[in-house]
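Biologist: Could you walk me through this model, and start with the terms I will need?

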Amino acid sequence: MIFVSLAIFFMNGADTDGDLLVWFIQLAVYFFLSRIAASRQVEQQSRSYEPTRGVQGAAVGAPIITSIMMWVFIILRGIVRDAMGMTIFIEPFSFCGWIILDVVLALGIGGWAGLAIIKQHEGDPYDSSNF
């Protein structure tokens with residue numbers, strides 16, 4: 001995601017006009033990363049007694065780490081742009097609000113994708129064909 005953000009940043013002439021596009025791409029990446037992490041967790045535990053244990057945690061962890069890395073990148077990018085003499089305006093309350101919104105969305109998307117993988121790999125305990 002950092003490389004995608006840098007590419008769009010430089011395509012816009014070192015301007016942050018493309019940050020909203022990067023954020024929407026980032027939401028899609030959250031979903032795919034959490035599905036990949038949950039699927040790998042299920043594959044690693046497929047022969048255990050509880051093959052879906054920890055799957056939702058893995059699905060939530062991947063987008064949270066991505067979100068944290070992106071916000072560190074955004075802050076560092078702002079520091080570098082400020083050091084280069086570009087005018088940077090950051091309103092702290094809305095900036096913190098965007099961070100909280102992004103983390104909450106990462107948690108929600110990760111949890112949703114993790115539940116989808118769990119449902120995919122668990123059988124219905126009330127299904128009579130299992131007996």
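Modeller: Let me begin with exposure: a residue is buried under 20% relative accessible area, exposed over 50%, and partly exposed in between, using a 1.4 Å probe and the protein chains only. This is a predicted model, in which local features need pLDDT of at least 70 and side-chain atom pairs count only at pLDDT 80 or more, while totals for chains, interfaces and linings use all residues. Residues are numbered from 1 along each chain as its sequence is written, and side-chain values use heavy atoms, with hydrogens and water left out.

Biologist: OK, so is I90 buried, partly exposed or exposed?

Modeller: I90 counts as partly exposed, because its relative accessible area is 48%. The residue sits in the loop between α3 and α4, where helices (H or I, at least four residues) are DSSP runs numbered from the N terminus.

Biologist: Which residues lie nearest the centre of the largest pocket?

Modeller: D19, W71, I74, R77 and F95 do, out of 23 lining residues. On a 1 Å grid over the protein atoms alone, a pocket is an open set of points where a 1.4 Å probe fits, with protein on both sides within 12 Å along at least five of seven lines, and lining residues have an atom within 4 Å of a point.

Biologist: Which element gives the largest share of that lining?

Modeller: Helix α3 does, with seven residues. By class, the lining has twelve nonpolar, six polar and five charged residues, where Ala, Val, Leu, Ile, Met, Phe, Trp, Tyr, Cys and Pro count as nonpolar, Asp, Glu, Lys and Arg as charged, and the others, Gly among them, as polar.

Biologist: Last one: where is V72, and is that residue buried or partly exposed?

Modeller: V72 is placed in helix α3 and is partly exposed, with a relative accessible area of 44%.

How values were computed
Helix = DSSP H or I, 4+ residues; strand = E, 2+ residues; numbered from the N terminus.
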